[in-house]
Amino acid sequence: MIYLFQVLNGIGLGMLYFLLAVGLSVIFGLLQFVNFAHGAFYLLGAYLTYDLTMRGFSFWAAMPLATLIVAGLAALIEAVLLHRIYKLPHTFHILVTVGLALVVQELVIIAWGPLGGSVPAPEGLQGVVILGDFIYPQYRLFTIGFTAVLAGLLWWLLEGTRLGAIVRGGSESPANMALLGYNTLRINTAVFGFGAGLAGLAGALAAPIRGVEPFMGIEALSVAFVVVVIGGMGSYTGALVAGLLVGVVQSVMTTLWPEGARLMIYVGMALVIALMPRGLLGRA
Amino acid sequence: MTDIALQTRGLGVKYGTFHALAEVDLQIRRNSVHSIIGPNGAGKTTLFHALTGRVRASSGRIELDGRDITDTSDDDRVRLGIARSFQVTSLFPNLALRENLRLAAQGRTPWQALAPWRRAESNAEALAIADEVIERLALAPVSNRLAGELSHGQQRRLEVGMAMAARPRVILLDEPTSGMGIDDIEAMKQLIRDLGRDHTVLFIEHNMGIVMNISDVVTVMRLGRKLVEGTPAQVRDDPEVQRAYLGNMITGDIA
Amino acid sequence: MNPLDKPYAQLALALLTVLVLPLFLKSGILATEILIFAMVVAACNLLLGYTGLLSFGQGIFFGIGTYVAGICLTRWQVPVPLVLAGAAVLGAATATLVGWLSIRRQGVYFVMLTLAFSQLFYFVAYTFSGVTGGDNGLLGVPRPSVGGTALNAPWSYYTFVAICFVAVFAVLVMVTQSTFGRTLLAIRENEGRAAAIGFPTRLFKIEAFAISGAVTAFGGALHAMLIGVAPLSNIEYHTSELILIMTIIGGSSSLFGSVLGAGFYLLLADALSTVWPRWLLLLGLVLVTVALFLQRGLWGLVERGYDLVFRRERAPETPAEEH
């Protein structure tokens, strides 16, 4: 029974990792740009949710609001700063986004202090689900359902719509897109905001589960990297499979070896890379 | 020692289910100039990739001086005496011309280069080879310039020089004249003809003037297979080749 | 080529740094820290500037050196020269492993892998707290002694580190000038061509990793002896980030640029952190500025300054290399 509990936890966690990884992937797919500030957007999403609920907003208002603010802010940063550096080598993409992440992290500490805090489960989901002798928190069950619906929407958006085609087309050749009459500048801004918004949403959803603290961004960034490395960048299925795998491994290990649970994520990744250099699905 | 420097038997390369190369039998005579022609997609560059070990043969075998090298890695083949130039110029643009050639010469003894205490200049042989190639390419005046700052014609010549510096027995040139002006083409033609005196030269070329002029043997490829092979005159007069090329591509005069 | 880029000029600048720091700095500890990071950053530059590998995992090797010193000196009283040698060997071995796994993927995947490996080693240190002391670190790491007296005064330990620094810097200059180093440059410039002319490029990259890891761990061991602790923070993500930031700020086209990068960062940190604890905010803005306006780093600035003063033809601004 404890394993069922942990597997469910792992799925919930894994879906959040999936959201993070897809956000990273979408940005990389269109802009060929590695966003080291991705964790910072996750951090910001969590803290905005924390702040808004502290101010008396319902979680149901705070979550979408936090996501939108993060997306808007990211779009603004793209439009003002990032589009200037796309043509530079990757080193400078990394330098600038690492710099941004530092700025966000320090601003978070200035605004909310270095200690962090907790976010209560939203009203209506504060209880537990009881099925026979199986007991599970309602909010965690909600995140699984909610992210599953989101995953479906994302799949439709990326694989079945014009936006998805644009994102994938853009990864082939920005010049071609311009020839097709798309305003690539505006698309870039929108897609960057969208990808960062996904990270913000993951942060908002994670806040009631793990609380908030100023250094949660780095951890999220590196887990997103692990997911992308083993699942393949730009692969929706890869991100989903790898995200769930990482979540479940981490969660089950919490029971087996609590101190080593997070270590095992990275050991697992090292094993995958040693045995399957191309990643789980053998792409890229 | 046979008279054949390089030969393939039933060579095939598959990309997935696509046969990029099938059933290719080639015999390249020692110290001859052998050219490969054919329309785009004929498998010429794939053939080069297979010969240099960049892609694996999915069937057939490759022999260098009678020795089976089908399963030999690309860097080992360099040491055995196969070197190539690229269709798209591929140099070290921020290094000096002479350094480009020194590296190419050093590439024959790469393990020596793993020693972090050995000075580059201590390999006198590599330096001598570099200077000799510079001489032969007539690039001495620009030997200290960065490769990226050379003119297109000079870069194409250096591209061939990179292959020469490996002191190969067989030298593979992938469209050495691509993008060149008239004057540069003439110099390249002389260079290839000259190389044929002490090397086995295999080259892919679209400029029929050069092909007909300096080749000892011409192989025509189409759809991954060998279509016709023979002397320039035989190939030019072959009805099948004329049909394949619609008769209007082979116009070069035969010297 | 700018005359300042010549190997002897680089070595002379390093020597000059060692002599000048005591004249301008009051704190021997800060001066020593600058020299330690200078060699560590130069080792990172061997990967970034000379091989084209952007490694986010340098903290791994730094931390390993720190723990080798911490464990060997607090538990077993191993002689210091042996400790430093052991740190370098273990650093090289770890770097070989991390390099071997990371270079299986290229470009951005490579960078992500090195970052993930830095997390892996952080959690190893965190999890096995019986060995590493976990969050508390290993306390009471002693300074080395010469002729029976421990180098407890900051400036006497500075002398010890300065000798190490000059020796390590000379080794790195030799490596970059060697046929090995010149081949690394070729791999950075055009890996496909380097392989086509016969170089087993992976082996060269792994060796570059090993050398870089050895020097970084060596520096990590010196650092533990400087601060008297082997802290968990030395193997954290932030240390990797720090080393990389110093490398890029200094400029990746010359080894001495790394000395400038380490000095600039640590002096800035020293000046600002006492005034304003959130000074990292400013650092973030500095990084953005460097990317936009100072792509060749502080060393690029030095080269331009030299050209201006000596009225030489200004070298064209070549864009930094793609990784």
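This talk covers a predicted model with chains A, B and C.

Chain A comes first. Its secondary structure comes to 11 helices and two strands. Along the principal axes, the C-alpha trace of chain A spans about 60 × 50 × 35 Å. Of the 284 residues in chain A, 49% are buried. And the contacts? Take those in chain A with a separation of 6 or more: 78% of them join residues 24 or more positions apart.

Next, who touches whom. Two pairs of chains are in contact, and chains A and C share the most contacts. Chains A and B do not touch. The nearest C-alpha atoms of chain A and chain B are 15 Å apart.

Let me stay with A and C. Here 38 residues of chain A are in contact with 35 residues of chain C. Which helices of chain A each supply at least two residues to that side? They are H4 (90-112), H9 (216-231) and H11 (261-275). H4(A) gives the most, with 15 residues. What is the make-up of the side of chain A that touches chain C? It divides into 29 nonpolar, five polar and four charged residues.

One residue in chain C is worth a stop. C:Cys72 lies in helix H3, residues 58-76 of chain C. Buried or exposed? C:Cys72 is buried, because 21 other C-beta atoms lie within 10 Å, and the cut-off for buried is 20 or more. Leaving out residues up to four places away in sequence, C:Cys72 touches C:Val78, C:Val83 and C:Gly86. C:Gly86 is 14 residues away along the chain, and its C-alpha atom is 9.4 Å from that of C:Cys72.

Now chain B and its sheets. Start with the six-stranded one. This sheet is open, its pairing is mixed, and its order is E6-E7-E8-E3-E9-E10 in chain B. E6 (82-85) and E10 (225-230) of chain B stand at the edges. Each has a single partner strand, so one side of each is left without a neighbour in the sheet. The twist averages 20 degrees from one strand to the next.

E6(B) and E7(B), residues 170-174, pair in the parallel sense over four bridges. B:Arg84 has B:Leu172 in E7(B) as its bridge partner. Two helices pack on this sheet. Helix H5 of chain B, residues 152-164, touches E6 and E7 of chain B, and its direction makes about 170 degrees with that of E6(B). Helix H6 of chain B, residues 182-198, touches E3 (33-37), E7 and E8 (200-204) of chain B. The direction of H6 makes about 145 degrees with that of E8(B).

E9(B), residues 217-222, is mostly covered, with five of its six residues buried. On one pairing, E9(B) runs parallel with E3(B) over four bridges. There, B:Ser35 has B:Val218 in E9(B) as its bridge partner. With E10(B), the pairing of E9(B) is antiparallel, over five bridges. E9(B) and E10(B) form a hairpin with two residues between them. In the turn, B:Leu223 has a positive phi of about 50 degrees.

Last, the four-stranded sheet of chain B. This sheet is open too, with antiparallel pairing and the order E2-E1-E4-E5. Which strands are at the edges? E2 (18-29) and E5 (67-68) of chain B, each pairing on one side only. E4(B), residues 59-64, pairs with E5(B) in the antiparallel sense over two bridges. B:Leu64 has B:Arg67 in E5(B) as its bridge partner. Helix H1 of chain B, residues 44-52, packs on this sheet and touches E1 (4-15), E2 and E4 of chain B. The direction of H1 makes about 70 degrees with that of E2(B).

How values were computed
Residues are numbered from 1 along each chain as its sequence is written. Chains are lettered from A and ligands numbered from 1 in the order in which they are written. This is a predicted model: local features need pLDDT of at least 70, side-chain atom pairs count only at pLDDT 80 or more; totals for chains, interfaces and linings use all residues. Two residues are in contact if their C-beta atoms, placed from the backbone, lie within 7 Å. Ala, Val, Leu, Ile, Met, Phe, Trp, Tyr, Cys and Pro count as nonpolar, Asp, Glu, Lys and Arg as charged, and the others, Gly among them, as polar. Two strands pair if DSSP finds at least two bridges between them. Axes are lines fitted to C-alpha atoms, for helices over the stretch in contact, and angles run from 0 to 180 degrees between N-to-C directions. A residue is buried if 20 or more other C-beta atoms lie within 10 Å of its own, exposed if 12 or fewer, and partly exposed in between; C-beta atoms are placed from the backbone.
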